Each structure stands twice: as C-alpha cells, then as structure tokens.
Amino acid sequence: MAYLDTHPLHGAFISSKFTRLTDVIASQGEDMLRDANIDVPSRAVSIVLLVGEHGEISAADIANWLEQPHQLVTQRTDVLIELGLIKRRSDPHDGRRKILVLTANGTDQFTRLTELMVQVADVFAALFEEIECDLAAMAMRAIEALERSPILERINSRRSSRIVNNPDNLEIS
C-alpha cells in the first residue's frame, strides 16, 4: 500500500490513484505490445491510430483530438519517427504546416495494432464487469461534472453553505 492509500485523507488523492492506474495500464500495455511484436510505445498508441485512420494529420490536430499538450504529442511523434513508423512531410497546400503519415512499416503496425485493440476493448469490458464499474464511463462522468463545477467552486459552495447554515460560526456538536 502506498502512503496515500492509508492516509486519513486518502479520498482527496484521487488523481494519484488514477495516475497509478494509468501507469499500470501503460506498463502492462508495453508487455502486451511486445508480445504481439508491435513496436508502438503504449503511450503513443492513440497517435498511431489517429494517423492511420486519417491517412495524414498534423501534430496540432492530434493534440486537439486527444486533448493533450502539443509539446507532448510532438515528443511522442518524434519517437514514432525514430522508430520508422511515421514520417513528417510538408503539407502541399501550406508549406509551413507539417503533416504526419504512416510509413510502410507503420501501416503494418497500425493494422496489427487495430486488431489487438479490439481484444483490449473486450478485456476492459470484462474487467469493468469484474469490478462492477465501467471505469471509462465513470471517468467521463467525473470529467464532465468537474468541468461543469470545478473543485474550487465546489469548495467555495460548501464554505458558503456552512456560513448560511451557521452565520455566527458557532461550534455545533
């Protein structure tokens, strides 16, 4: 057990738990990809899928689609270029814009990756059944709820309701 798992305020450290979950999934994803002879790093799978599905796409477009920082997408793209899976070329309509396309090896990896991801989706469906919670759906619900009403707004609302319910700040036992 990690320190934050047993801390009296363990419920406040949800991002730590989700980061650990992400790290476990990414690590096990690396093992799975290696076993399938797929050279794509687990944290770059979504980029390869986007490039493969779109045929050509810019790093900025990928960043927007994945809602990730452009710099992170560029770093992962550079790794994929080094691995010979994608290449960068000038957009014929805008010489300043660079687009990404799969190489021949990247196309082969994309095809095998797509087939593997069908199996991964099935495994996660079974996992969600096992733990009796669709984590993907719950994560989206939590994201949407926090976007509607951020944590600070929720804290301030609780503070306000305490003041309204106890205007003299009397200790209530």
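Q: Where is Asn37 placed?
A: Asn37 belongs to the loop between helix 2 (14-35) and helix 3; helices (H or I, at least four residues) and strands (E, at least two) are DSSP runs, numbered from the N terminus. This is a predicted model, in which local features need pLDDT of at least 70 and side-chain atom pairs count only at pLDDT 80 or more, while totals for chains, interfaces and linings use all residues. Residues are numbered from 1 along each chain as its sequence is written, and side-chain values use heavy atoms, with hydrogens and water left out.

Q: Which residues have a positive phi of about 55°?
A: Most residues other than glycine have a negative phi. Asn37 is not a glycine, yet has a positive phi of about 55°. Glu67, not a glycine either, also has a positive phi of about 55°; Glu67 is in the loop between helix 4 and helix 5.

Q: Is Asn37 buried or exposed?
A: Buried means under 20% relative accessible area, exposed over 50%, and partly exposed in between (1.4 Å probe, protein chains only). Asn37 counts as exposed because its relative accessibility is 54%. Glu67 is exposed as well, with a relative accessible area of 73%.

Q: How do helix 3 and helix 4 cross?
A: Two packed helices are described by the angle between their axes and the distance between the axes. Here the axes of helix 3 (residues 45-54) and helix 4 (residues 59-66) come within 11 Å and cross at roughly 115°. Axes are lines fitted to C-alpha atoms, for helices over the stretch in contact, and angles run from 0 to 180 degrees between N-to-C directions. Ser46, Ile47, Leu50, Val51 and His54 of helix 3 make the contact with Ile62, Trp65 and Leu66 of helix 4 (contact means heavy atoms within 4.5 Å).

Q: What is the place of Ser58, and which residues does Ser58 touch?
A: Ser58 is in the loop between helix 3 and helix 4, and counts as buried because its relative accessibility is 4%. Leaving aside residues up to four places away in sequence, Ser58 touches Arg97, Lys98, Ile99 and Leu100.

Q: Which residues have the most contacts inside the largest nonpolar core?
A: In soluble globular proteins, nonpolar side chains tend to be buried together. A nonpolar core is a set of buried Ala, Val, Leu, Ile, Met, Phe, Trp, Tyr and Cys residues joined through side-chain atoms within 4.5 Å. The largest has 24 residues, and those with the most contacts inside it are Val40, Val48, Val51, Ile62, Leu80 and Leu113. Helix 3 gives the most to this core, with six residues.
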